[in-house]
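Dear colleague,

Please find below the structure that I am handing over to you. The notes that follow set out what was found in it.

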Amino acid sequence: MRFDVISIFPEYLAPLELSLIGKARQDGLVQLTVHDLRDFTHDRHRTVDDTPYGGGAGMVMKPEPWAQALESLKPGTETLEAGQPVLVVPSPAGEVFTQAIAEELAAEEHLVFACGRYEGIDERVLEWAAQNYRVRPMSLGDYVLNGGEVAVLAMVEAVARLLPGVVGNPESLIEESHQDGLLEYPVYTKPSDWRDNQVPEVLLSGNHAKIARFRRDEQLRRTAVRRPDLIAQLSVAELNKADLGL
Ligand SMILES: Nc1cc(-c2cccs2)n[nH]1
């Protein structure tokens, strides 16, 4: 998997050199390159923004530096089966990023992330880029950040960790939150009696069927309380499987 990130703050993406993703890059499982958008400007001040047509506060990112940065990544030279790269554009006006989308993107060969700042990128860039990219405006959630970099850190981690060989034990990717549309169950470790707080007895029983049932019930109970919106998407059969006791 090849990741390219374009930003006016490339140092913001430095955490992607650390830990899991950093090791994946060293192991050659992931190729990740961060590009400074200002390298695609040609004026003395390396200008990337200008005032908005139609007025309004703030500045808009100029189209030409983006076009040159995106062209530099050689879209359109992909093999037929690889298909066009996906251009992910973090935006509060995008589709909401989910685990399902992370899994979708993890199946791609090449992802490009465009980190907007200011009031956003000139819309014509996204229209123009559609010639050589599958353009996907993507929101991290219904709140506003100052730029796309934080969203890219989250999305790259969510995608890269799904790639074969990136996390040590692939089993740890199973039964995670949102894996099956539910939140994950609570976890415990030693000591079993901690400051007079006990680990649920069933987890000490060694009865794997009961443990599995307890964990499933806890997933459903947590989801019903914390994320009723997810419960609405579950089948009646799933709900009937659990004793929610709500
Ligand atoms: N979910 C989300 C994305 C964003 C931004 C992306 C780029 C600038 S602001 N805010 N909130």
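Two residues are said to be in contact when heavy atoms of theirs lie within 4.5 Å. Please bear in mind that this is a predicted model.

Leaving aside its neighbours within four places in sequence, Glu 108 has contacts with Met 1, Val 86 and Arg 134. With Arg 134, the side chain of Glu 108 forms a polar contact of 2.6 Å. Glu 108 is located in the loop that runs between α3 (99-106) and β6 (110-114). Is Glu 108 buried or exposed? The limit for a buried residue is under 20% relative accessible area; Glu 108 has a relative accessibility of 19% and therefore counts as buried.

The sheet deserves attention next. It is open and consists of 5 strands in the order β2-β1-β6-β5-β7, with parallel pairing. Because β2 (31-36) and β7 (134-139) stand at the edges with a single partner strand each, one side of each has no neighbour in the sheet. From one strand to the next, the twist averages 30°.

Within this sheet, β5 (residues 86-96) pairs with β6 in the parallel sense over 3 bridges. Val 88 stands opposite Phe 113, a residue in β6. Helix α5 (residues 149-160) packs on the sheet and touches β1 (2-7), β2, β5, β6 and β7. The direction of α5 makes about 175° with that of β1.

Finally, the domain assignment divides the chain into domain 1 (2-170) and domain 2 (178-244). The C-alpha centres of domain 1 and domain 2 are 36 Å apart.

Yours sincerely

Key
Residues are numbered from 1 along each chain as its sequence is written. This is a predicted model: local features need pLDDT of at least 70, side-chain atom pairs count only at pLDDT 80 or more; totals for chains, interfaces and linings use all residues. Side-chain values use heavy atoms; hydrogens and water are left out. Domain bounds come from an automatic or database domain assignment. Helices (H or I, at least four residues) and strands (E, at least two) are DSSP runs, numbered from the N terminus. Buried means under 20% relative accessible area, exposed over 50%, partly exposed in between (1.4 Å probe, protein chains only). A polar contact is a pair of N or O atoms within 3.5 Å; within protein, one must be able to donate a hydrogen and the other to accept it, and residues adjacent in sequence count only if both atoms are side-chain atoms. Two strands pair if DSSP finds at least two bridges between them. Axes are lines fitted to C-alpha atoms, for helices over the stretch in contact, and angles run from 0 to 180 degrees between N-to-C directions.
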